Amino acid sequence: MTSFDTTPQLNVWRALLALAVVFVMLATTGWTALRHHRGAAPLQASISAWEHGGIAGHRLPAADSPPTRLAAFFDSLTEHQRAHLVRRYPLAIGNMNGAPVELRYRANRVALGEAREVERKRVHDKGLTPDGQREAARRAERFGVLMRSDRRILAFDPAGTGRAAEVFGDLERAERVSVVVPGVDTDVLTFQRTHRAYSAPVGMARSLYDAERRAAPGTRTAVIAWADYTSPGGLGLDSATATRAADGAVRLNALVRALPGRSPVSLFCHSYGSVLCGLAARELPGRVTDIAVAGSPGMRVERASQLRTSAHVWAMRDADDWVQDVPYLELGGLGHGEDPVSSVFGARVLSARDAKGHSGYFEPGTESVTNFAEIGVGAYESVRCADGTVGCRAGLSDAASAGRA
């Protein structure tokens with residue numbers, strides 16, 4: 001006689017209960033952050049204005065035109081005309097996949113300046129609570145930092161909690177491009193941190209860029225800190241589902257398809273960012289050679305082969321990472337599937353020695369960021385596997401020279 005304790009129905013309910021309990025525990029022990037969303041949509045307003053605009057007596061192309069069409073349009077303009085459009089439609093151009101990257105940097109500097117002035121006025125808005133005024137002051141300060149002449153802001157949207165992307169290196173001339181995709185609680189205020197700098201997208205990307213230059217001094221590299229999606233606010237219900245990741249996957253694919261040149265691209269996806277990368281995988285262009293995940297709660301599949309990508313799939317997890325306690329399953333839309341570092345999943349499992357828990361994979365000097373850098377420059381024969389063998393490198397040749405071709 002089958003015991004009630006082992007019936008399939010009860011096991012399903014136990015799994016669901018375990019998943020719910022874990023996320024509730026995480027949410028009530030400090031992991032969930034309260035977010036205050038803002039209703040304005042300045043980016044959409046700028047795009048709408050662009051759609052009704054013109055130059056030299058001609059209508060402007062649709063903002064969502066293919067990148068090649070937009071690139072050809074901007075190439076046909078004089079410098080004076082490009083400068084005019086930047087002043088008139090900074091947010092539209094700053095987020096336009098296909099616009100020249102240097103023009104996007106200029107446009108976003110203008111957009112950041114305008115957004116800073118909006119926040120400076122809100123600081124003195126009597127209709128705001130003291131907390132709202134303090135948030136406005138923080139945003140104004142952050143926008144001022146991001147608009148400095150030495151920053152290369154590839155995307156910026158001040159709406160809601162804010163989105164941004166920043167480039168380290170020369171994106172147009174890079175022989176290898178890396179994209180860092182962060183996880184929960186990522187917004188314009190957490191895009192960069194002074195304390196625990198390497199747990200924020202800017203610190204992650206800067207550390208990876210420095211490590212790649214050490215790994216291959218003769219290779220021109222560029223790293224993008226890509227926080228251009230609305231991430232879940234803490235580990236609550238949003239982070240247990242794929243809704244935010246699905247929206248982000250569309251945006252990530254649009255970015256990758258619009259990158260200049262044809263150099264190889266590697267994705268480095270942290271925590272919930274790996275859910276996003278898992279959903280994006282099947283639509284990624286062939287120039288994406290590697291998808292590496294760290295501290296992953298799952299990639300929405302049970303096997304790496306189900307990602308349907310030609311890219312190499314890598315995974316790592318630090319021994320002290322709390323994410324290992326999250327149930328690796330997907331039921332009723334909750335959870336994100338199999339553990340990417342499990343043998344069942346079939347990824348190439350990397351060493352994460354000295355990674356310092358869930359947020360420390362990009363800390364300088366760690367084996368985790370060194371491994372990421374070797375992948376980023378195509379030096380596969382130099383990566384260290386989790387088990388101390390060479391198994392994660394099986395079937396791969398050193399592709400570092402391919403980036404120089």
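A residue counts as buried when its relative accessible area is under 20%. This cut-off is applied below to a predicted model. Residues over 50% count as exposed, and those in between count as partly exposed.

At 2% relative accessibility, E119 falls under that cut-off and is buried. R139 is buried too, with a relative accessible area of 1%. These two residues form a salt bridge. Their closest N and O atoms are 3.1 Å apart. R139 belongs to helix α7 (residues 130–146), while E119 belongs to helix α6, so the pair ties together parts that lie 20 residues apart in sequence.

A second salt bridge links R120 with E117. Here the closest N and O atoms are 2.9 Å apart. Both residues sit in helix α6 (residues 101–122), 3 residues apart, which separates them by about one helical turn. An α-helix has 3.6 residues a turn, so residues three or four places apart point the same way. The surroundings of this pair can be read from its accessibility. R120 is partly exposed, at 41% relative accessible area. E117 is also partly exposed, at 36%.

The structure holds 19 of them. One of these joins the side chains of R353 and D354, at 3.6 Å from N to O. D354 is partly exposed, with a relative accessibility of 42%.

Covalent links were examined next. The count comes to 2 disulfides. C269 and C277 form one of them, with sulfur atoms 2.1 Å apart. The torsion about their S-S bond is about -90°, so this disulfide is left-handed. C269 and C277 are both buried. Another disulfide joins C385 to C392, with an S to S distance of 2.0 Å. This link is left-handed as well, with -85° about the S-S bond. Both of its cysteines, C385 and C392, are buried. Counting bonded cysteines along the chain, the disulfides follow the pattern 1-2, 3-4.

In β6, T221, V223, A225 and A227 point one way. A222, I224 and W226 point the other way. Residues on both sides are buried.

Strand β6 pairs with β4 and with β5. Strand β4 (residues 163–169) runs antiparallel to β6, and 6 bridges join the two. Within β6, I224 stands opposite V167. Strand β5 (residues 176–181) pairs with β6 in the parallel sense, over 5 bridges. V179 has I224 of β6 as its bridge partner. From β5 the chain crosses through helix α8 (residues 201–215) to β6. This β-α-β crossover is right-handed.

Strand β5 also pairs with β7, again over 5 bridges in the parallel sense. In β7, L267 is the bridge partner of V179. Strand β7 (residues 265–270) is mostly covered, with 6 of its 6 residues buried. V265, L267 and C269 lie on one side of β7, and S266, F268 and H270 lie on the other. Both faces are covered. One of these residues, C269, takes part in the disulfide with C277.

Strand β7 pairs in turn with strand β8 (residues 288–294). The two are parallel and share 6 bridges. S266 has D290 of β8 as its bridge partner. Between these strands the chain crosses from β7 through helix α11 (residues 272–280) to β8. This β-α-β crossover, too, is right-handed.

Finally, helix α10 (residues 243–258) was examined for length and burial. It has 16 residues and reaches 24 Å from its first C-alpha to its last. That span is close to the 22 Å expected at 1.5 Å a residue. Several residues of α10 are buried, among them R244, A245, G248, A249 and L252. N253, L255, V256 and A258 in this helix are buried too.

Notes: Residues numbered from 1 in each chain as written. Predicted model: local features only at pLDDT ≥ 70, side-chain atom pairs only at ≥ 80, totals over all residues. Heavy atoms only, no water. Salt bridge = Lys/Arg side-chain N within 4 Å of Asp/Glu carboxyl O. Helix = DSSP H or I, 4+ residues; strand = E, 2+ residues; numbered from the N terminus. Buried < 20%, exposed > 50% of the residue type's maximum accessible area, 1.4 Å probe, protein only. Disulfide = S-S within 2.5 Å. Expected span 1.5 Å × (residues − 1). Pairing = 2+ DSSP bridges. Right-handed = clockwise from strand over helix to strand, strands pointing away.
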